[in-house]
Amino acid sequence: MRRLPRPARAGLALLGLALGAVALLAALDAAFPFPLERLTPPPATRVLARDGTELRRFLAADGMWRFPVRLDEVAPELVTALVESEDRWFRVHPGVNPLAVLRAAWTNALAGRVVSGASTIPMQVARLAEPRPRTLTAKLIEALRALQLGLRRSKTEILELYLNAAPFGGNIVGVGAAARLYFDKPADQLSLGECALLAVLPRAPGRYDPARHPEAALAVRDRVLAQLARRGAVSPEAAHRAMRQPMVARRSASAMRAPHFTQLVRARLGARPLVATTLDPEKQAVVERLVARHVALVRPLGLTNAAAVVVDRRTRDVLALVGSADFFDDAFQGQVNNALAPRSPGSALKPFLYALAFDKGLAIPESRLLDVPTDFAGYAPENYSGTFSGQVTVAEALARSLNLPAVRLLARVGVADFHALLRRGGLESIDRPAGHYGLALALGACEVRLADLTNLYATLAQGGVHRPWRVVAAPPGAAPEPVPAFVPGPAPGFAPGFALFSPEAARAVGEILTRLTRPDMPDAWRLTRDRPPAAWKTGTSFGHKDAWAVGFGATLAVGVWVGNPDGAPVNGISGTMHAGPLFFDLLRALEPPARDVALPAAPNMREVRLCAASRLPAGPDCPETLPAQAGPRLALPRCTDHRRIMVDAETGLRLEGDCLLTRPARARTVRTVPPELAAWMAAQGRPVPALAALHPDCRDVPPGAGPVILSPCAATQYVLRDDLPAEYQQIALRATPADPGQRMWWYVDGRLVGMADARLPLFLPMTPGRPVCSVTY
């Protein structure tokens, strides 16, 4: 066989060695993959306002400043300076520069020590991923890793890895952080001189730190600029101009604007390098100033702090959030974010109860509710004033924030349905079952967050369409979400953009909330003489701990809380007196001039006729009616207060049965009132509308309607406690007869237990079981 020529054999041998090296490298790459994850640790975070203003920076979890950038976000001069000063042949070698290795070996041999390392940029990336002592073995591993990196990543990706992982002194990692912290600018706005310094700063971050050693930094910068000019990377004129510029660098402190808001953003979103938020810096500054001024006025009264939230009605962007008067005031717990602290809202939840009742058809603004003392199985709420009005319209009950009508309405609407509505409306801090809160939920016997409650008022303002409040700005050019139609019943989950209330219910409640009357401020005119248009509601919590004022203007929803962060009570605290003034100060400062609050349209509102006396849908015997507005659903019963009876033409006494045949009769329309109202009116010494007395000739007439049992309540479970004496565990037996003065006989399981009238209830000792109570005349 003919032998190949020596050159051919040498070529084949070299080819074999090359293929073997490639195969070995591939095997090592498969067995020991490059640890890229070590080059992408969690970033630090920059939080920006909606106009791009930096609000605050947050360190990464490991305490480092790290703001990753893409290569196209870096000044081109920095890339040029880096390649020219660190790895001139970066674009052509596979990760290791053989010529540089030979040159370094020769230089080190002549010097008798290591004076040149021949490190390429990929080798430096490998060292950043796996730091090792600088030995020959470490160099070999770095070389293999560099070749491995060259197989897996493009040159652009390798440059990005280096620029984002290189150390720039102290806890500054990456060129993004170095540009921000040394020069207070983004990496794509660095000057030529700044680029020259940052290109070599990772060589000796401590020695060349421009903030601590400006002379050394200036010298190394000028050497790099001279090198760039010699190699033609920049013009000599540009290099000389850059050398004439002073070295202006300092470790700039992080901004600390809107601290409670930025903490909220960080907690919600975690470690992101950049967060563009919804915050409006101008509005935030106004709110901070007004909150601080208001707190200075109320602190002498024992109210040490306040919070405010401003939300865009339409988008639900949080435009301003102030959690306390002074974040840095430890004496008054300034770091507590009272905008997010769960607290009892008092009457501030009532508008949503009325909206739910409107949507169920159980009430309309002109219908009436009873406002009389009522005992709900031991729960006896009272109005703020301690007085009762007997009967009020729904609109009056909400405008005056009466407690009794609200609790009675909740008993009809259902605690479970109201609880579910509040949860769907974003009040997630109401996190216990409905039964835990009971009827007291109508009066704020729960805890809510100011931000959530403010957003729920924005839902009212926008026709009942609910969306979550947000702190992250929508992407530029994002299409607005469609407005969904209202469908009675539970909304599908917590999806954004669902109809929580009908537009008709939302508008009806909004119109009521624009009225001025407030129950806890007789001179409310002082607050509202020059107020901007607003629909608003106040609340004062159980135990006199919290004052609220929440509502909306033409474009904004605003919520205010005033109180003590530690929950200390203050006698005389009032939502109207102590939170209302700040609410209107904010609206005056933030809302553009407007004629009204821009209530939502209500296309399905219709006119109905009500009895002028009972305010129920008019019956055939109602002598006078009036028009009223109602939504598409109306479930109120027809009026039965008015009825046509026959009376004796001579005496006016009522005729019934056979005596109608023996006495001269004429028809008369009479009015009665519900038994509970009749009993209250009688107790107040007021005349009670009632049927005329029965004529004595009418002896065989069957009795009319029986009494109505008020207590016990068939829907309530009563608990017998082991730790209380039996004499303290009794149930009141109460009923309302048609005639307030009529005596009633009470039976339990068919056994007579006593006699009483409406004014003096009986008390029944509690025993285990399910006793059946009945009452008769």
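**Cysteines, a helix and a sheet**

Colleague: Is Cys 698 buried or exposed?

Modeller: In this predicted model, Cys 698 has a relative accessible area of 6%. The cut-off for burial is under 20%. Cys 698 therefore counts as buried.

Colleague: Which cysteine forms a disulfide with Cys 698?

Modeller: A disulfide is a covalent bond between the sulfur atoms of two cysteines. The structure holds 1 disulfide. Two sulfur atoms must lie within 2.5 Å to count, and the pair that includes Cys 698 has its sulfur atoms 1.6 Å apart. The partner is Cys 659.

Colleague: How many residues apart are Cys 659 and Cys 698 in the chain?

Modeller: Cys 659 sits in the loop between β18 and β19. Cys 698 is in the loop between α22 and β20.

Colleague: What is the handedness of the disulfide, left or right?

Modeller: The handedness follows from the torsion about the S-S bond of Cys 659 and Cys 698, which is about 85°. The disulfide is therefore right-handed.

Colleague: Is Cys 659 buried or exposed?

Modeller: The relative accessibility of Cys 659 is 5%. Burial requires a value under 20%. Cys 659 therefore counts as buried.

Colleague: What is the distance from the sulfur of Cys 611 to the nearest cysteine sulfur?

Modeller: The nearest cysteine sulfur belongs to Cys 622. A disulfide needs sulfur atoms within 2.5 Å, and Cys 611 is in no disulfide. The distance to the sulfur of Cys 622 is 3.5 Å.

Colleague: How many residues of helix α8 are buried?

Modeller: Helix α8 covers residues 192-200. Among its buried residues are Glu 194, Cys 195 and Leu 198, and what covers the buried residues includes α2, α7, α9 and α10.

Colleague: Which are the edge strands of the open sheet of 3 strands?

Modeller: The sheet has the order β2-β1-β5, with mixed pairing. An edge strand pairs on one side only. The edge strands are β2 and β5.

Colleague: Which residue in β2 stands opposite Arg 46?

Modeller: Strand β1 spans residues 45-48. This strand runs antiparallel to β2, and 4 bridges join the two. Opposite Arg 46 stands Arg 57.

Colleague: At what angle to β2 does helix α11 run?

Modeller: Helix α11 takes in residues 259-269. The helix lies across β1, β2 and β5. Its angle to β2 is about 50°.

Methods. Residues numbered from 1 in each chain as written. Predicted model: local features only at pLDDT ≥ 70, side-chain atom pairs only at ≥ 80, totals over all residues. Heavy atoms only, no water. Buried < 20%, exposed > 50% of the residue type's maximum accessible area, 1.4 Å probe, protein only. Contact = heavy atoms within 4.5 Å. Pairing = 2+ DSSP bridges. Axes fitted to C-alpha atoms, helices over the stretch in contact; angles between N-to-C directions.
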